[in-house]
Amino acid sequence: MKELEKYSTCLKRIDEFSQNLGMKKEDRAIFEMRQSSKENEACLVLKNGNFDSPEPWFIVDENDEIHTMISLSSLKNILESLKQTQKENFELKLEKAIYQQIPIDFNDAWVVAMDEIKKRVKEGLMEFNIDLEKLIVDIKKEHPNLFMDMEAMVERVKNNEKL
């Protein structure tokens, strides 16, 4: 009876996860992993679905832990997608950091920022470890011609000067 309860709990967890993936109950492959008579071998017993079932396949081990199995091509696609998302996120953060400093020409500021990022990456710093807001502030100090000088503008307005 206790075995059935454990398996039922595992099935509920698999149900929740597979629903998030849009998988139908009848389409998912669930395996039970059993220890073999040999120490370094285990046996996978198909409990639900078939060998043509869509990925991921679910494996319930002897400790009621749930594992998944996917093909190398699926793993590669996931990693490429994550890498692309990370790149897009990084670029959006860089864009925001540049716009916060009010660039005169965004593209010029972007090129200078990317050159500086490439230098830092060559020095061993990972892109996602770069403080982009600080980077752009430093670029603004080094290349003030790339950004509006808002303080000077405010002074001119206060003094009724032409912009």
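How many bridges join strand β1 to strand β3, and how do the two strands run? The views below take this up in a predicted model, where local features need pLDDT of at least 70, side-chain atom pairs count only at pLDDT 80 or more, and totals for chains, interfaces and linings use all residues. Numbering starts from 1 along each chain as its sequence is written, and side-chain values use heavy atoms, with hydrogens and water left out.

**View 1. β1 beside β3.** Three bridges link β1 (residues 30–35) with β3 (residues 57–60), and the strands run parallel. Phe-31 has Ile-59 of β3 as its bridge partner. Strands here are DSSP runs of E, at least two residues, and helices are runs of H or I, at least four residues, numbered from the N terminus.

**View 2. The whole sheet.** Four strands make an open sheet in the order β2-β1-β3-β4, with mixed pairing (a pair needs at least two DSSP bridges). β2 (42–48) and β4 (66–69) sit at the edges with a single partner strand each, so one side of each has no neighbour in the sheet.

**View 3. α2 crossing α3.** The axes of α2 (residues 72–100) and α3 (residues 106–122) come within 10 Å and cross at roughly 125°; axes are lines fitted to C-alpha atoms over the stretch in contact, with angles from 0 to 180 degrees between N-to-C directions.
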